[in-house]
Amino acid sequence: MVRAISTKKWILGLVVALAAAASFSCGGDDGTSRISVTLFGWIDGAGDGEFVQGMPEYPAADQIRVRITQPDERVILSEDVFPIVDGRALFPEASAGDGLRMDFEIIGDSNVIASGATPKFNVGESISYRAFRTMISPINAFAPVGSMVRIDGSNEERLVPSRFDGRELDSSLGRVGHTATATESGLVLIVGGGQVGAFHQPATTPDLQGVVGDIQLFDPATGYFTELAGDDEARRSSTVGADRLQVPRAFHTVTALGDDRFLVVGGYTQGSTSISATDSIEIINLNASPGARVQPLTDAAQSPMLLQNRRAMHTATLRESDGRVVIAGGRSGNEVRNTFEIINPNPQNPLVEGGLSMNSARVGHSAVLMGDGSSVWLLGGRTDTEVLGSTELISDGESGTSSSATANLQRPRYGASAIFMGPSVNNFILLAGGFTGLTSGATRNYELGRPDREEFLTDGSWQLSEARGNAALFELPQSRELLLIGGLNPDFQIVGNADRLQFQGLDAAVPFSVDASAGSMYRLRSGFATAPVSNGRYLITGGQGQNEAARQDAEYFNPRDPVLPRR
Amino acid sequence: MTMDEIRESRARGPRGWWLAVLVACLCFAGPVWAEDDATGEEAEHADEEAAEGEEEQGEARRADGPTPRLFMMPVDSLQGEITQIVTERVNESTRRQLDSERRLELVPGLMEVLGSSGQGVYALISEAESQYTSGIGLLRAGDHQAAAETLQRAVDLMVENLSGLQNYNFLSDALSNLSLAYFHSDFDLDARQNMQRFAQLRPGATLDPEIFPEDLRSIFEDEVDRVERAETGILTIEADRTGAQVYIDGDLKGATPVVVEDVGFGHHYMVVRDGEAVWTEVIRVRGRGQEQTFEVEFDSLGQEDESSELPAYYTDLQQNLRSGRFGQDLHPYLIELTNQTGADFIAWVLLVREGPRYIAAPFVYRASDAMVIQGENVDFNLELSNMRSRVSRLSAIISMAVSDMPEDLAVEDVDLAPEPTPVATPEVPEEEEEPEEVAEVDDHPSDPLPVPGTTPPERGPVAELPDERERSNTLRYVGYGGAAALAGGAIAGTIIMLVRASGSSDPTVFEAEVEW
């Protein structure tokens, strides 16, 4: 029998084919999405502390616990503990899904010493690869925000403290009176601000040396601040002032409206000779095309809509019931405002309803949205002559929206921190700290109140770790504990630590237990802007040191709020 | 064909060049296709954008006409094999998503829809409303005794079914009118009692002097005065579960354990809810700052047999769907359900466990022509960590189905139930005997690869040793063979990578690596 090709040649060809197929099949990705995380750390060392590539040498640290979680759902999908000496941890088959996060806890002597987390991410149907550089830092402590930069003229990379993006500005980067607001994509939006000269009393007209109109986005995945107007596409749009505020401002308000739209209202702007309050209203829409992300609020005729009264240092509260924003109090020049306005930012039927009377003129007051999603409770505040103990409730009635007087505070105060506690605390609001004098004085006391009650509840033993006003107050999403950061003490000196409040019950002698953070801010500052970040930390930006210029850097507070699975 | 002819044809043909070009193309193309830089976020957004895009198209298609009403059966699992926790989660999320769909109107659940058929708490409250309306009519018509009987029935129904009472103004109004009806019927004691209850519930009310006589108004004012002097009590509500929501007279007071200090003296109506469990109680507050404790024991309520409150056709429908085998036999149930609910469409979703995932199979029934369609399956991972995007997809499919009802998706008989595993007798393949025979037979149609450790089968006629000319062509043959092998490998490898890149690999998991 004659064969066309010999056996050996067939065998050779077949083996080569198999090898070729194997070479194509193996060695590459195996068809599964991959998340790769590289850790770096901040360690408080001698002197200033330092960033460290890899795992810092925390005393007694020997293990790292890694969890894959869905924080919003309060679910822990995977969890394991690895020896730190291994240098590596692997989850070969972690569950895909939405809103995932990888949480890391450094354990030493059975205690959690430090922690960190990636920002939230999604892993979906198609194969993907994503890499994160994640910072580990001591828990319940402050640390500078780190980012990797390449040293000019070399290939060397170094971890450095992050700063505001100054590529487009020719002025100082430091700022006060700016705002920080979390976006729905896990970034933080920084808007406006200015530089101040001499120290000013809280809730009084600041000595602004200049204001800026830039808008920056902070990305926790990289630690970078990036100005929207610095976007290449925005530049190419050739729109003058593209992606910047049309009216640069400080001491304004920015309110998240949902769908990554934000309402910018009022504030101080720089005139030709002096600063003045503005009546400007602008909308930031991060989903719009680059170059068109900042627009004034306009009516059907495309004319800009304005506040009825110019104001700065006012409060802005989003009513969840109808999406409108209540703008209350504030000041303009030497006048403290006794009016409130309601803005409907809906692009289909925008409206500004102004000239609504308050019971008292007030600035530096607290404004809290109540449980009905519609009523806004104003508490305390000040005028130029007195510190207020009065409160008033802005609510809808048959004849429209009006304000009615409610019970007085036990202690008149302004610059206090307030939060609605919800049904679990009988729908009370907590009002903590605040300033008690026009030129000095602060309290460490807190009160609980409700609009339908004749008086606020308090006691001499209901106290924070120290007296402070103008502190930032947040509710931790997992433990529901409260976090109070920074502020000024009775002498208007900077308070550098944070208080953590845990609710004990209304029937307890002291409703909240208070733990102060062990350490202090990396750089003492007041007048900063803070926002929660999807990596579980709180971003503290800008502000002003004691007798210093405005700051351009940022730091984190790491509260360690591990995901608590639903029962 | 002779060897020379074969060699000559290979040397002549352009196939070698084409082969090399193909190999080169495939070698370059394969890695490019394999590098999928799409991020997880883009894929997820693609799902949701697709759902939104379909929604917009649906809106464009439905230019006018009433919004279709959809009744959604609770999500269930095939033969009840999946835990209720999973089906309830998917059900809750899907209903919420469908409720926000602009293309359709989601009909409330059956218990809320059932009216005067007299079944279920909401039906009873509906009956109470009906009785109340009749009682007011009788009162105005001057038939006071009949009005009193009717209004008493209304109040009794409401108090006995507090868990379904949404509007307490309704109860307070019934109390005041019942008092009036008793008064006019000369039942003074009953009139007084009901007016006092009304004052305790609504101390801030005012009575119309043109309707309520002076005597009743005096009773009311005296009771209000007593309530105000007594002030409030300190009520501690505790339950065998924490976090249960406490309502008194329809107002949310907090979650257990809770201390309530703003409820006045007298009779009040307490409802404590923890998920599906509801505790109701008429409480009497002593006021004067006195402390009272109320214990709520959800565990003592026992399992409510909800099915006993549901009509038989509904429970039968549920059982049929759960079996995974249904067809025309469903139609009488579906017709009855559409009649009862007023829905134009009925949708149901069956979850099936398939390896490391749940598959959700959606169906939609159109009442006008009794057509049933089966939509595209949607899969969830076992941890339901991709719930949001999958529910978005599922509700979009259902919503599109309601809009379009594509005939090519119509089904008549459905069988989702797993086939019983066949007990098959494996056929003895003839080839299995061959190796033994092959070892003994001299004549082999082809030469098997030698298996290590075995005696190579006796080979057939051996080709003649290659002559010199054949040896010199070996390289060319190897080259052709190698190129063919490389091409084959490239094709196979590219196909493998394409298949992987298209997501046929397991998308429900990912690999996470951490380094420090």
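Two strands are taken as paired if DSSP finds at least two bridges between them. The model described here is predicted. By that criterion, strand S1 (residues 33-43) of chain A pairs with strand S2 (residues 50-53) of chain A, in the antiparallel sense and over 4 bridges. Within this pairing, A:Phe40 stands opposite A:Gln53 in S2(A).

With strand S9 (residues 129-138) of chain A, S1(A) runs parallel, and 8 bridges join the two. In that pairing A:Val37 is placed opposite A:Phe132 of S9(A). Another pairing of S1(A) crosses to the other chain: 6 bridges connect S1(A) with strand S17 (residues 509-515) of chain B, and the two strands run parallel. Here the residue opposite A:Thr38 is B:Glu515 in S17(B).

A separate description applies to an open sheet of chain A that is formed by 4 strands in the order S25-S26-S29-S30, with antiparallel pairing. Strands S25 (315-318) and S30 (351-357) of chain A each have a single partner strand and stand at the edges, so one side of each is left without a neighbour in the sheet. From one strand to the next, the twist averages 20°.

Confidence was examined for chain A, where the mean pLDDT is 88 and 90% of the residues reach 70 or more. Residues 1-5 of chain A have pLDDT below 50, and this stretch has 7 contacts in the model beyond near neighbours in sequence. Residues 24-29 of chain A also carry pLDDT under 50; for these, the model has 10 contacts beyond four places in sequence.

Chain B contains 16 helices and 17 strands. Of its 516 residues, 33% are buried. When contacts in chain B between residues at least 6 apart in sequence are considered, 62% of them join residues at least 24 apart.

In chain B, the peptide bond that joins B:Thr256 and B:Pro257 is cis, with omega about -5°. B:Pro257 is located in the loop between strand S6 (251-255) and strand S7 (258-260) of chain B.

In chain A, A:Ser110 has phi near 65°, and the residue lies in the loop that links strand S6 (97-108) to strand S7 (111-117) of chain A. A:Ser110 counts as exposed because it has 8 C-beta neighbours inside 10 Å, the cut-off for exposure being 12 or fewer. In chain B, the phi of B:Arg288 is positive, at about 55°, although the residue is not a glycine. B:Arg288 is found in the loop between strand S9 (277-285) and strand S10 (291-296) of chain B. With 12 C-beta neighbours inside 10 Å, B:Arg288 is therefore also classed as exposed.

Technical notes: Residues are numbered from 1 along each chain as its sequence is written. Chains are lettered from A and ligands numbered from 1 in the order in which they are written. This is a predicted model: local features need pLDDT of at least 70, side-chain atom pairs count only at pLDDT 80 or more; totals for chains, interfaces and linings use all residues. Axes are lines fitted to C-alpha atoms, for helices over the stretch in contact, and angles run from 0 to 180 degrees between N-to-C directions. A residue is buried if 20 or more other C-beta atoms lie within 10 Å of its own, exposed if 12 or fewer, and partly exposed in between; C-beta atoms are placed from the backbone. Two residues are in contact if their C-beta atoms, placed from the backbone, lie within 7 Å. pLDDT is the predictor's confidence in each residue, from 0 to 100.
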